[in-house]
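Student: I'm new to this structure and would like a close look at a single part of it. Could you pick one spot and walk me through what surrounds it?

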Amino acid sequence: MENQVFQLSYALDTFYFLICGALVMWMAAGFAMLEAGLVRSKNTTEILTKNVALYAIACTMYMVCGYSIMYPELGSSLLSGITGDGVAGAAEPATYAPSADFFFQVVFVATAMSIVSGAVAERMKLWAFLAFAVAMTAVIYPMEGRWTWGGESVFGLYTLADYGWSDFAGSGIVHMAGAAAALSGVIFLGPRAGKYAADGSPRAIPGANLPLATLGTFILWMGWFGFNGGSVLATASVESANSVAVVFMNTNAAAAGGLISALLVARVLFGKADLTMALNGALAGLVAITAEPSTPTPAIATLFGAIGGAAVVGSILMLDKLKIDDPVGAISVHGVVGIIGLLLVPVTNSDSSFLGQIIGALTIFGWVFVTSSIVWIALKTIMGLRVSEEEEFEGVDMSECGMEAYPEFTN
């Protein structure tokens, strides 16, 4: 009887894990639609190519070496052929199929890389971006994941867990890491042509398809239930099922709070209801709650989301003043709010500490930013990062992909 109960629990947890992984995979479509909607039509095909290609690269490179770097014991079993007799963590018997763990982890890697895509849009060479995706998903992300979720010491110097570090589903590990790589890339690239006037004031460059951007946001919102809910890692017991329900509820509440907050702040600042700010506000609320969606009450989760939504509006305006050109607001949504999400964890989770969150954030950001910069410099030297002025003016769709996304609307 006990064996039958275990088998049922194992099957349910594995199935739940895989479904949540599939939801997170669907977030790749959300990023693709969001970014395609927020860039100009002449750059749509290239950004879609980047999104679908980076997902494939992430899956392959994480299988080849990334998973082994992040989880050495699990990685060795993967390469030799995972079975149900493997381990799902440490030395304890598996409570779900280890191959399900790999699938769930690999879609997180792709999410981190997707963040970079939007920030460097409309002026980066496609193959330079894809080359960076190889480095990011094979080494850069897995190393910081090894120190955080993997529990290993940072170069043998210190262990984050000893300081009270906690990041439930990846506000820092996934989102801030992606934003750190994006920030580095944007600095080396420089702003899009025509983004800033002679006096330095920013010029608006509207996206081509706001319905598509809105669809992308809804897809991401839905996928986030798998992102956060799957991080409970189980659902076959009363306790874990209740935890999953709380995480779903708080994830949704934070997204709603973020959108409302951003919409109101934009109304005060601009006198209008700014759709793009509202969309980024929802995503900011989701990022803010990702570090700890299991301990807040729904009201507190809504408040955390609202803090993220307000912060993202201010951050986007600040980065514009600093001439850091991010076409989709990815650095603000995932980076600035990712840090905020980490710092909010100790408010409701007594097992974490502000010191631990700060040390963890500095560790992740420092590692990803520095290593990304080294890779960007190498790529700039070897193949160049930016398309020519003529190619940027005409749109990178034709120069990089040889086709247009909307050919019937052009002469």
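Tutor: Let's start with Asn 51, which counts as buried because its relative accessibility is 3%; buried means under 20% relative accessible area, exposed over 50%, and partly exposed in between, using a 1.4 Å probe and protein chains only. Asn 51 sits in helix H2, where helices are DSSP runs of H or I with at least four residues, numbered from the N terminus. Keep in mind that this is a predicted model, where local features need pLDDT of at least 70 and side-chain atom pairs count only at pLDDT 80 or more, while totals for chains, interfaces and linings use all residues. Residues are numbered from 1 along each chain as its sequence is written, and side-chain values use heavy atoms, leaving out hydrogens and water.

Who does Asn 51 touch? Setting aside residues up to four places away in sequence, Asn 51 meets Ala 28, Phe 31, Ala 32, Glu 35, Ser 114 and Ser 117, a contact being heavy atoms within 4.5 Å. With Glu 35 there's also a side-chain polar contact of 2.9 Å. That term means a pair of N or O atoms within 3.5 Å; within protein, one must be able to donate a hydrogen and the other to accept it, and residues adjacent in sequence count only if both atoms are side-chain atoms.

H2 covers residues 44–70, and its axis comes within 8 Å of the axis of H5 (residues 126–147), crossing at roughly 35°. Axes here are lines fitted to C-alpha atoms, for helices over the stretch in contact, with angles from 0 to 180 degrees between N-to-C directions. Sorted by class, the H2 and H5 contact has 19 nonpolar, 4 polar and 3 charged residues. Ala, Val, Leu, Ile, Met, Phe, Trp, Tyr, Cys and Pro count as nonpolar, Asp, Glu, Lys and Arg as charged, and the others, Gly among them, as polar.

Moving along to the loop between H4 (98–119) and H5, you'll find Glu 122. Glu 122 is buried, because its relative accessible area is 2%. It isn't a glycine, yet Glu 122 has a positive phi of about 80°. Most residues other than glycine have a negative phi.

How far can you trust all this? The protein's mean pLDDT is 94, and 95% of its residues reach 70 or more; pLDDT is the predictor's confidence in each residue, from 0 to 100. Over residues 82–92, though, the pLDDT is below 50. Where pLDDT is low, the predicted coordinates should not be read in detail.

Notes. Helices (H or I, at least four residues) and strands (E, at least two) are DSSP runs, numbered from the N terminus.
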